[in-house]
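These are my notebook entries on one protein chain. I record what I looked up and the cut-offs behind each term.

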Amino acid sequence: MSAEFNLRPSPTEVVRRDWRLPLAAAGVWAAALAGLYGTVTSGLVTAIVCLALVLAGLRWRSGVAAATATVAFGAMLAAGVTTVHVAARDHEGLTSMTAAEAHGEAELVLHTVPKASTRRPELVTATARLRTFTTEDATLEGNWQVLLVASGDEWREATSGQRLTVPAVLREADPGRLTAAIVSARGPPELDGRPAFAHRFAAHVRERLAVAVESVPQPESGLIPALAVGDASMMEPETAADFKTTGLVHLVVVSGYHLSLVVGVVLAVAMACRAGPRARVLAGAVAAAAIVVVAGPQPSVLRAAVMAGMTLLALAAGRPRAAMPALSTAVLVLILADPDMAAQVGFALSVAACVGLLLLAFRWAKPLEHRGWPQPVALAVTIPLATQVAVTPLLVGIGGGVSLVSVPVNLLAALVAAPVVMLSVAAAAAAAVWVPAGEFVAQLAAIPARWLIWLARTGAEVPNALLPVPGGLWWGLGSGAVLAALIWALHLRRLRRPVLAVLAAVGVGSVPACLLTGGVPSGWVVTMCDVGQGDALVLPAGDAVVVVDVGPDPAAMDACLDDLGVDRIALLVLSHFHIDHTAGISGAMEGREVAAILAPPPGEAKYGYELVEEAAGAVPVLEAVPGEAFVFGETRLEVLGPPSELLRGTRSDPNNNSVALRAEVAGTSVLLAGDVELEGQRALLRNGGALDVEVLKVPHHGSAFQVREFLEAADPVVALVGVGSGNEYGHPDPGPIGVLEEGGALVFRTDLSGRITVVRGEEGFEVTTDG
């Protein structure tokens, strides 16, 4: 390539760093984010105050005052724009309909392709624009941003840009976004017309690529579309979880890395063909536009596209390239165009990674280059380290966990990252023209893809590879302050060696701590894993364990069992087949011996049943029979439910027909009743089973559907609630929790305490938590 595409500009191209655009971008972001949580009135007040600061700043030429005025200018723009959007979002008619959960017919235009929900895979979600909503009494017209939630195979035929009508219920959306409502579909969609050409082109490329990769075995066939166009729907859950744990997820989300590779190759080809500057810029712009269209309006794609556009404009004008102004312009343009970007985690992570690359990676590479390291090698080391440092405060803030293996895994992944991404993109391009050609290129892409899969799987198997963090604003700010202090200390010559020595000592000392942690304490009774909004419990069973439910997340389930040192499951009990109790089954079974599975009849929860049936393979599946007992060492399990004649016509038959167990663990009694609600709890009371226990797994995540007499009959010393932080169901309900606490029970919740372990010692119970 020519000097135009070097990672670092030549001395003649270096421009003086100007912080006005970054300051204005910071003001735009802050005001937009605040405006999303506010009202029209608060937005107008913010805009007026910022205008006053800007007018006062006309007399300020330098220093803090001028910087304040620059930030205020950006904030003024964002406050005005966001206020307009908030006024539309908070439309009185729509607000009243969502509050009443109105039923009617919705006319929508899909903004994104419907994809399986990460929380509930049997559902699909998509962002859309609500054009009309018609009830028996009224018709509401507008153009609101909504979240569509639906189920059924018919939705696979819909694509972005498609206009459709569907019977639906309007529900209130979460605050802090421009989403005006949740449209919960109550039937199949009726498609109206065809999407625009760009949307049809994107669907064509995705469909042809999906056909082409069928010639490649899993997990490579699922990875290639993710690498090419960001379509991770075909990835195996275990592979997706491994990529997340090891910090390789940026490769399966189309970002600036993908865009720079593709545009760089296109420009290189154009130069080889001796195309002029304008032709090269046009070719690069077409390539960038094609990626945006096919990958869709993902935050990282849009951010990278604007930055690429700025770079191409600079190239066309013969001006020096300046990455930080390009990034700042991307933030300004995208947030002012769509203030909702300010609240999207993906956009924040993308921008943070880019900031780390621009401000830290090249600076940290200089000392290595001075010691004789080739620049590409030095950057291969500093880029993953710098980006990890930059995104860590955000990861801590959202409670997503921090990968301890991300830097070494990304360093090794760099050996094949560029070839595998380019081959995957080439497979998509070839398949769009001729499927056999796409199959051939996909088979080539599968070769380096195997290296990435092996890296992700091996890294994820390292004990404590993903460090859990409490999450929250203050934890995020605190981690950012600590990292900033470390970076500052490393830039001071006299402090650099002592700080590096301390960091090295901590790193070396943590290796045995990571490798030797795990296992269970003496007197262990039960552990409730923190799997989000779901249940997963582990009890001792001699030299193995009994697992009761596996939660919704394979990675979280696998990590919990790894920490407990579990390699053999004597009995895997599934209380019922809702996915918040079954979707994590692959994480429980992968790499472990499972002797048998105990479950109720599938009932209505077909998706969870099919998921379990596929994962079980040759493992025998036993049907729960009341009165049946299982004994494993000092642990005895007795089946209390479901009843022989299954309950029907209840609020939720799968919940009320849950497998209910009474466990005796070395003399300590535990009641595990799945998600039984009112009817199921009354059936257990009628059957006269021994319900009084010392440890109770509170049914149905502590929902309001509890029978007071059931809780009083259990009368536990310790009560455990498996529940996700900020869940949409309002679990747990304060009523049942109050009943338990009135009875003297100590109530522990996974959303507040993380993983919970109950141990019985000589002086009574001891409960340890990770929160």
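**Entry 1: a charged patch.** I looked for groups of like charge on the surface and noted that Arg371, Arg493, Arg496 and Arg497 gather in a patch of positive charge. A patch is made of residues with over 30% relative accessible area and no salt bridge, like charges being joined within 9 Å and nonpolar side chains (Val, Leu, Ile, Met, Phe, Trp, Tyr) within 5 Å. Lys and Arg count as positive and Asp and Glu as negative, while His and the chain ends are not counted. The place of a charge is taken as NZ of Lys, CZ of Arg, CG of Asp or CD of Glu. Accessible areas come from the Shrake-Rupley method with a 1.4 Å probe, and for residues only the protein chains shown count as cover.

I then placed Arg496 in helix α18, residues 493-516. Helices (H or I, at least four residues) and strands (E, at least two) are DSSP runs, numbered from the N terminus. Arg496 counts as partly exposed because its relative accessibility is 32%. Buried means under 20% relative accessible area, exposed over 50%, and partly exposed in between (1.4 Å probe, protein chains only).

**Entry 2: the source of the model.** I noted that this is a predicted model, in which local features need pLDDT of at least 70, side-chain atom pairs count only at pLDDT 80 or more, and totals for chains, interfaces and linings use all residues. Residues are numbered from 1 along each chain as its sequence is written, and side-chain values use heavy atoms, with hydrogens and water left out.

**Entry 3: salt bridges.** How many salt bridges does the structure hold? I found 19. A salt bridge is a side-chain nitrogen of Lys or Arg within 4 Å of a carboxyl oxygen of Asp or Glu. Side chains of opposite charge can pair when their charged atoms come close.

I examined the salt bridge between Asp340 and Arg177, at 2.8 Å from N to O. This pair links distant parts of the chain, 163 residues apart: Asp340 is in the loop between α11 (323-337) and α12 (345-370), and Arg177 is in the loop between β5 and β6 (181-185). Is Asp340 buried or exposed? Asp340 is buried because its relative accessibility is 1%. Arg177, at 28%, is therefore partly exposed.

I next examined Asp231 and Arg206, whose side chains meet in a salt bridge at 3.8 Å, N to O. Here too the pair links distant parts of the chain, 25 residues apart, with Asp231 in the loop between α6 (220-229) and α7 (237-245) and Arg206 in helix α5 (residues 197-212). Asp231 counts as buried because its relative accessibility is 12%, and Arg206 counts as buried at 15%.

I also noted a salt bridge between Arg636 and Glu638, with the closest N and O atoms 3.9 Å apart. Arg636 is partly exposed at 38% relative accessibility, and Glu638 is partly exposed at 25%. Asp543, Arg568 and Glu593 are linked in a network of salt bridges.

**Entry 4: helix α7.** Which residues of α7 are buried? I listed Thr239, Ala241, Asp242, Phe243 and Thr245. These buried residues pack against α6, β8 (402-403), α16 (435-460), β9 (466-467) and α19 (554-563). Just after α7, Gly247 takes a positive phi of about 75 degrees.

**Entry 5: backbone angles.** I looked for positive phi in residues other than glycine and noted Arg274, with phi near 60 degrees. Arg274 is in the loop between α8 (256-272) and α9 (277-295), and it is exposed because its relative accessibility is 79%. His700 also has a positive phi, near 50 degrees. His700 is in the loop between β21 (695-697) and α25 (708-714), and it is buried because its relative accessible area is 9%.

I then recorded cis peptide bonds. The bond from Gly641 to Pro642 is cis, with omega near 15 degrees, and Pro642 is in the loop between β18 (635-641) and α23 (653-656). The bond from His731 to Pro732 is cis, with omega near -5 degrees. Pro732 lies in the loop between β22 (718-721) and α26 (734-742).

**Entry 6: Pro167.** I found Pro167 in strand β5, residues 163-171, and recorded it as partly exposed because its relative accessibility is 37%. Leaving aside neighbours within four places in sequence, Pro167 is in contact (heavy atoms within 4.5 Å) with Gly104, Glu105, Ser184, Ala185, Arg186, Gly187 and Pro188. The C-alpha atoms of Pro167 and Gly744 are separated by 48 Å, and the two residues are 577 residues apart along the chain.
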